[in-house]
Amino acid sequence: MPMTEEHTHTLVLTGDAGIRSAKNVAADLLQAIQAHASIGVDTQTISAADITTVQSLLAARATAAARGGRLTLLAPLGAPLQALLDQAGFLSPGQEHLAFWSAVSDQPAGH
């Protein structure tokens, strides 16, 4: 399917987005990247997140950028992801990907 730039496609991650579901999460992200130029990831309904979730999102962001697209996170972040980012120090000043985690899209999750 060709990439379109008409609007931001919302990809909703649900349930466990950690290592148990890493293959499915990665496949969903890749499918969205292949079909859409701009993707907003809604994490509101994830029930679990771990470092695999972080790695999957960063890899998807890099893949989208390499294809000339854009992948952002929709506000607000799901509680499990927010807690993980806080606890692991990803939201600390000076972190390499701080802007990605903290500069979430103005578009509310689910819209």
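## About the model

This is a predicted model, in which local features need pLDDT of at least 70 and side-chain atom pairs count only at pLDDT 80 or more, while totals for chains, interfaces and linings use all residues. Residues are numbered from 1 along each chain as its sequence is written, and side-chain values use heavy atoms, with hydrogens and water left out.

## Overall layout

Four helices and four strands make up the secondary structure (DSSP runs numbered from the N terminus: H or I of at least four residues for helices, E of at least two for strands). Starting at the N terminus, their order is β-α-β-α-β-α-α-β.

Of the 111 residues in the chain, 40% are buried (under 20% relative accessible area; exposed is over 50%, partly exposed in between; 1.4 Å probe, protein chains only).

## The aromatic cluster

Let's turn to the rings. There are two aromatic pairs in the structure (ring centres of Phe, Tyr and Trp, the last by its six-membered ring, within 6.5 Å; planes under 30 degrees apart are stacked, over 60 edge-to-face, the rest tilted). Phe90 and Trp101 pair edge-to-face, at 6.2 Å centre to centre and 65 degrees between the planes. Phe90 sits in the loop between helix H3 (79-88) and helix H4 (98-102), and Trp101 lies in helix H4, 11 residues apart.

Phe100 and Trp101 form a tilted pair, because their centres are 4.8 Å apart and their planes meet at 55 degrees. Together, Phe90, Phe100 and Trp101 form one aromatic cluster. Phe90 is buried, Phe100 is buried at 6% relative accessibility, and Trp101 is buried at 2%.
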